[in-house]
Each structure stands twice: as C-alpha cells, then as structure tokens.
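Here is a short briefing for a first look. Keep the sequence and the 3D view open as you read.

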Amino acid sequence: MTIPFWILLVPYGIIVLIFVIISGFGIYHSWRFGFRTPMVQSVTAAYLSGAAIILLMSIIGILALDWSQIWEIGSQINL
C-alpha cells in the first residue's frame with residue numbers, strides 16, 4: 001500500500017487549526033476578563049511570539065520537503 005506524503009498535511013492542518021482556535025479563545029478571554037497589568041501583557045506577548053516562531057519554523061520545515069514522494073507501507077513476503 002502506498003500513501004502520498006501530502007496526505008500528512010491534513011492532520012497537521014487540523015492540529016494547527018485547533019491550536020489557533022484554543023489560543024484565540026485564551027487570548028481573548030485573558031484580554032477581555034483578565035487583569036491588564038504589564039506582567040500579563042508581557043507574558044501574552046511572549047506567548048504570541050513563541051507560537052509565531054514555532055509555526056514559522058514548522059512551515060519552513062514543511063516547505064523543505066518533497067511532497068511528491070510516496071510512502072510504502074507493508075512488506076513483500078517471499079515464499
């Protein structure tokens with residue numbers, strides 16, 4: 001059985017979408033209902049910049065792959 005590499009983008013996209021949604025809700029509720037002290041603002045900025053760096057590095061890694069390759073699953077049994 002062969003699976004093309006581009007199929008792996010589907011779970012990656014779902015994971016990134018869930019991450020963005022959960023982060024968006026967390027940031028929204030932090031700003032809407034939380035305290036706006038300089039400490040909270042700096043932690044929020046650090047979280048956003050860290051998340052942006054992680055997403056950027058993963059996109060750079062994804063762009064470096066050859067997505068036309070296929071993945072062979074299973075083995076041939078010689079009797």
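Predicted model: local features only at pLDDT ≥ 70, side-chain atom pairs only at ≥ 80, totals over all residues.

Helix H2 spans residues 38–63. Helix H1 (9–33) is part of what covers the buried residues of H2.

**Helix H2**
- H2 has 26 residues.
- From first C-alpha to last, H2 reaches 37 Å, close to the 38 Å expected at 1.5 Å a residue.
- Thr44, Ala51 and Ile62 are buried in H2.

**Packing of H1 and H2**
- The two helices, H1 and H2, pack at an angle of about 170°.
- Their axes lie 12 Å apart.
- An angle over 145 degrees counts as roughly antiparallel, so H1 and H2 are roughly antiparallel to each other.
- On the H1 side, the contact is made by Leu9, Tyr12, Val16, Phe19, Ser23, Ile27, Ser30 and Trp31.
- On the H2 side, the contact residues include Val40, Gln41, Tyr47, Leu48, Leu55, Ser58 and Ile59.
- Thr44, Ala51 and Ile62 of H2 also belong to this contact.
- The residues of the contact divide into 13 nonpolar, 5 polar and no charged.

**Tyrosine 47**
- Tyrosine 47 sits in helix H2.
- Its relative accessibility is 37%, so tyrosine 47 counts as partly exposed.
- Leaving out residues up to four places away in sequence, tyrosine 47 touches Phe19, Ser23 and Ile27.
- Phenylalanine 33 is 14 residues from tyrosine 47 along the chain, and their C-alpha atoms are separated by 18 Å.

Definitions and conventions:
Residues numbered from 1 in each chain as written. Heavy atoms only, no water. Helix = DSSP H or I, 4+ residues; strand = E, 2+ residues; numbered from the N terminus. Expected span 1.5 Å × (residues − 1). Buried < 20%, exposed > 50% of the residue type's maximum accessible area, 1.4 Å probe, protein only. Contact = heavy atoms within 4.5 Å. Axes fitted to C-alpha atoms, helices over the stretch in contact; angles between N-to-C directions. Parallel < 35°, antiparallel > 145°, perpendicular 65-115°, else oblique. Nonpolar A, V, L, I, M, F, W, Y, C, P; charged D, E, K, R; others polar.
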